[in-house]
Amino acid sequence: MSKKELVVSALENGTVIDHIPADQTFKVVKLLGLEECSDQVTIGVNLGSKKLGKKGIIKVADKFFAKDELDRVAIIAPDAKVNIIRNYEVVEKIELTLPDEVTGILQCINPMCVTNKERGVETRFHILDKKRCTVKCHYCERIINQEDLILK
Amino acid sequence: MNKLVSISDCSKEDILNIVNLAEQFEKHPNPHLLDGKLVATLFFEPSTRTRLSFETAVQRLGGRVIGFSDAATSSSSKGETLHDTIKMVSNYVDLIVMRHPVEGAARYASEITNVPVINAGDGSNQHPTQTMLDLYSIKKTQGTLENLTISMVGDLKYGRTVHSLLMAMRYFNPTYHFVAPQELRLPAQYPEYMRANNIKFDELEDMNPVLPVSDILYMTRVQQERFTDLVEYEKVKNTYTLRSSMLESTKDNLRILHPLPRINEIAADVDDNPKAYYFEQARNGVFARQAVICSILGMC
């Protein structure tokens with residue numbers, strides 16, 4: 001096994017999320033709820049990447065996510081690549097597609113928004129621009145650029 | 001329409017319907033279309049002009065009003081959530097008109113009750129009936145909403161009436177001139193939107209070039225507290241004051257609108273100029289609100 005392959009070990013079965021911008025890696029971990037996950041999770045960050053300079057990678061053993069769970073990753077890592085691994089082989093590559101709206105995962109940056117002021121109001125955002133990942137709060141109508149997005 | 005929360009929810013047809021209905025209510029202001037109906041005016045923050053305008057509209061339609069004019073006199077002062085207040089009031093009334101300092105409060109309220117909701121202002125977000133009365137005022141003074149040159153002057157950054165009006169007018173092929181000091185220019189999303197939708201506009205710091213070409217001059221307050229640099233405020237404060245002498249070379253059909261209250265951005269000598277329209281504009285609020293109320297309740 002070459003030294004390069006040892007950096008992040010191979011997966012027998014599970015999901016690999018690759019090509020995450022390095023600084024978004026832990027946000028993806030949070031977004032997918034991997035902090036509470038009992039499966040084996042391998043996180044690589046600041047790995048070399050020709051395309052991104054530095055990238056992150058997440059491998060989750062024996063876990064296969066629903067498409068809509070994975071699509072939420074596109075909000076913070078639109079170019080991430082998802083591979084499904086079975087018996088050490090890539091059996092499926094999943095293209096992430098941004099949903100038209102997301103509920104519950106982002107926090108509105110507007111402190112006067114009802115989602116920040118009233119107990120129990122679930123956040124909801126409409127995706128205005130899928131390329132630039134600009135979103136609009138369903139409630140206060142604040143438009144938020146990707147770099148300002150805050151995960152709940 | 002079964003609610004009015006944001007002007008961005010309104011189609012061209014919705015807007016034209018309200019404007020045409022407002023015209024009817026101005027001709028016949030007291031039809032008893034709301035006989036037996038009860039309307040709640042829930043003002044979680046005070047706004048005398050808006051509340052009185054709504055209550056006048058309801059009473060002229062023959063309906064009755066319950067409510068409060070300040071959160072201090074409501075159960076929210078005891079810590080009741082907005083959710084619970086709306087649920088409770090929904091048991092009693094046919095329509096809820098609400099003003100709330102929290103942005104998105106009216107949208108949220110409309111989602112937790114089956115009673116129709118009219119947003120009478122939610123923080124700095126939306127105030128759609130103000131926009132409806134602005135649109136009615138424009139239609140009434142110009143005879144049309146189509147192909148007009150509209151100049152907006154003053155605080156274009158924070159002024160929610162400006163944002164709502166420019167979005168509502170997008171259906172009617174307007175030409176916009178936006179006049180503001182550097183610090184109070186339109187937020188970038190609006191120029192982007194207009195470029196993407198081929199709406200004609202320019203942005204200036206000097207009001208004088210737009211005066212002879214405008215059909216509507218929409219003035220807003222330039223407030224000192226909006227400036228981080230007070231020297232900058234001192235430099236511009238008088239630049240954005242309209243005086244009667246400045247109206248000499250303007251078009252005959254020009255009308256000056258202002259959401260009120262005005263401070264010093266329109267000199268008192270303009271009040272007597274026949275092109276001043278801001279007080280009539282406020283009067284149009286009752287007709288526009290009658291139209292919105294009846295439209296939402298399916299009364300006409």
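**Exercise 1.** Sort the lining of the largest pocket by residue class.

*Solution.* Step 1: apply the classes, in which Ala, Val, Leu, Ile, Met, Phe, Trp, Tyr, Cys and Pro count as nonpolar, Asp, Glu, Lys and Arg as charged, and the others, Gly among them, as polar. Step 2: the lining then has 12 nonpolar, 13 polar and 13 charged residues. Step 3: a pocket is an open set of points on a 1 Å grid over the protein atoms alone, where a 1.4 Å probe fits, with protein on both sides within 12 Å along at least five of seven lines; lining residues have an atom within 4 Å of a point.

This is a predicted model, in which local features need pLDDT of at least 70, side-chain atom pairs count only at pLDDT 80 or more, and totals for chains, interfaces and linings use all residues. Residues are numbered from 1 along each chain as its sequence is written, and chains are lettered from A in the order in which they are written.

**Exercise 2.** Find which helix gives the largest share of that lining.

*Solution.* Helices (H or I, at least four residues) and strands (E, at least two) are DSSP runs, numbered from the N terminus. The largest share, 5 residues, comes from H7(B).

**Exercise 3.** Describe the open sheet of chain B and its edges.

*Solution.* Step 1: two strands pair if DSSP finds at least two bridges between them. Step 2: 5 strands follow the order E7-E6-E5-E8-E9, with parallel pairing. Step 3: E7 (200-204) and E9 (255-257) of chain B each have a single partner strand, so one side of each lacks a neighbour in the sheet. Step 4: 5 bridges join E6 (residues 175-179) of chain B to E7(B), and Val179(B) has Leu204(B) as its bridge partner there.

Key
Side-chain values use heavy atoms; hydrogens and water are left out.
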